[in-house]
Amino acid sequence: MIDYRSLTRKELEDLAGNMGLPAYRGRQVFKWLWRPGLSGFHEITDLPSGLRNVFAQKGRIARLKVATEQKSVDGTIKLGLGLDDGLMIECVVIPEKDHLTLCLSTQVGCAMGCSFCYTARMGFLRNLEASEIAGQVIAVMERLGLEERPRNLVFMGMGEPLANYENLTRTVQILTDELGLNYSGRRITVSTSGLAPEMLRLGQDLDVGLAISLHAPDDEIRQEIMPINRRYPISALINACKSYPIKPRRRITFEYLLLQGINDRMEQARGLARLLRGIPAKINLIPFNESPGLSFKAPSEEDVLAFQKVLTDAGYTAIIRKSKGQDIAAACGQLNTMPLLHTRGRCINTNTA
Ligand code: SAH
Ligand code: SF4
């Protein structure tokens, strides 16, 4: 069965060609696939009914099942979404002043093993297909009855996006297609724990925002909290940033998670300022969000402000990111679908939609 929602417009046009149809039939199908609310090929009214049947027989329109919905006191909404094989992912809708930001997952779990991250505790179950990544946007729009698409998309949910490179790039191509949801690359940010070769590939292949989870200015601290640093040390990341094609007036975002007593001292703030010199950078400071079984602590507000001051004094834009949705475990690093599950990721709660 073809998973139509994993196909780019071009691939659907080629598929139509292989079926002996003109390319525009593929375009027509693509357009309909990315309209929220579509339930099946019978609704594609500008296709002749014979063709609707042919398409329906050859493949399927993948849909994510909303299994759980939680709302935070700050308005953040977390959806638990069931996949066809019974696994679960989470995605988070974050209300900002006049728009929504959607935080998307790219894998079920994560293999990177960062010691401060609750998603890492699930281990890695599998990559998401493009239909399952882009489908989160559709699932949110349908569930919340949104007329307009959420303004910003951040790939900061469960998983390491660049470890699922093919499906990530395919997803971005689908989401930015003007016949689909028509996102601008400027509204999309991909966050990575630092897979240097894929960072460079991303810069060449797509025009999206890049965020790097740096979290330490030196290898000693970084490899203690992020095992990936042994494969790609800080020098490799910085070199990749220096050859990353950055458009004028755009910057690379550096995320810096603050862990009390580990990476939050003035010495590290100064080290960070030195390290990023010469790179068009924006720094997001994220105080640690707690999760069961993780023994780190967030620094005091005073320490966070002092850390920020070192960076702003050095001329950087450094923003303290107050994580939203903490009361429903929807903040950075708190996503995990294991507590809902029986055994290795099987969903036991998919019928509450
Ligand atoms: N895997 C990607 C994207 C998902 S994580 C990455 O690591 O970049 C999104 C962000 O949340 C990352 O910057 C990550 O380091 C951060 N994060 C993870 N655990 C956290 C925690 N407990 N508190 C605050 N931020 C956390
Ligand atoms: Fe994976 Fe990102 Fe969590 Fe690290 S912080 S374990 S890369 S999801």
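This is a predicted model: local features need pLDDT of at least 70, side-chain atom pairs count only at pLDDT 80 or more; totals for chains, interfaces and linings use all residues.

Reader: What span should α4 have, and what do its end C-alpha atoms give?

Author: α4 covers residues 130-144, so at 1.5 Å a residue its 15 residues should span 21 Å. The end C-alpha atoms are 22 Å apart, which agrees.

Reader: How many residues of α4 are buried?

Author: 12 of the 15, so α4 is mostly covered, taking buried as under 20% relative accessible area. Among them are Ile-133, Gln-136 and Met-141.

Reader: And what follows α4?

Author: Gly-145, with a positive phi near 60°.

Reader: Switching topic: is Asn-164 buried or exposed?

Author: Buried, because its relative accessible area is 3% and the cut-off is under 20%. Asn-164 sits in the loop between β9 (152-155) and α5 (165-175).

Reader: Which residues does Asn-164 touch?

Author: Leaving out residues up to four places away in sequence, Asn-164 touches Thr-106, Gln-107, Asn-127, Leu-128 and Ile-133. That last one, Ile-133, is a buried residue of α4.

Reader: Now ligand 1. Which residues come nearest?

Author: Of the 20 around ligand 1, those are Gly-159, Ser-191, Ser-213, His-215 and Asn-289. A backbone N or O atom of Asn-289 lies 2.9 Å from a nitrogen atom of ligand 1.

Reader: How much of ligand 1 does the protein cover?

Author: 96% of the 530 Å² of accessible area that ligand 1 has on its own.

Key
Residues are numbered from 1 along each chain as its sequence is written. Chains are lettered from A and ligands numbered from 1 in the order in which they are written. Side-chain values use heavy atoms; hydrogens and water are left out. Helices (H or I, at least four residues) and strands (E, at least two) are DSSP runs, numbered from the N terminus. The expected span of a helix is 1.5 Å times one less than its number of residues. Buried means under 20% relative accessible area, exposed over 50%, partly exposed in between (1.4 Å probe, protein chains only). Contact means heavy atoms within 4.5 Å. A residue is near a molecule or strand if one of its heavy atoms lies within 4 Å of it. A polar contact is a pair of N or O atoms within 3.5 Å; within protein, one must be able to donate a hydrogen and the other to accept it, and residues adjacent in sequence count only if both atoms are side-chain atoms. Accessible areas come from the Shrake-Rupley method with a 1.4 Å probe; for residues, only the protein chains shown count as cover.
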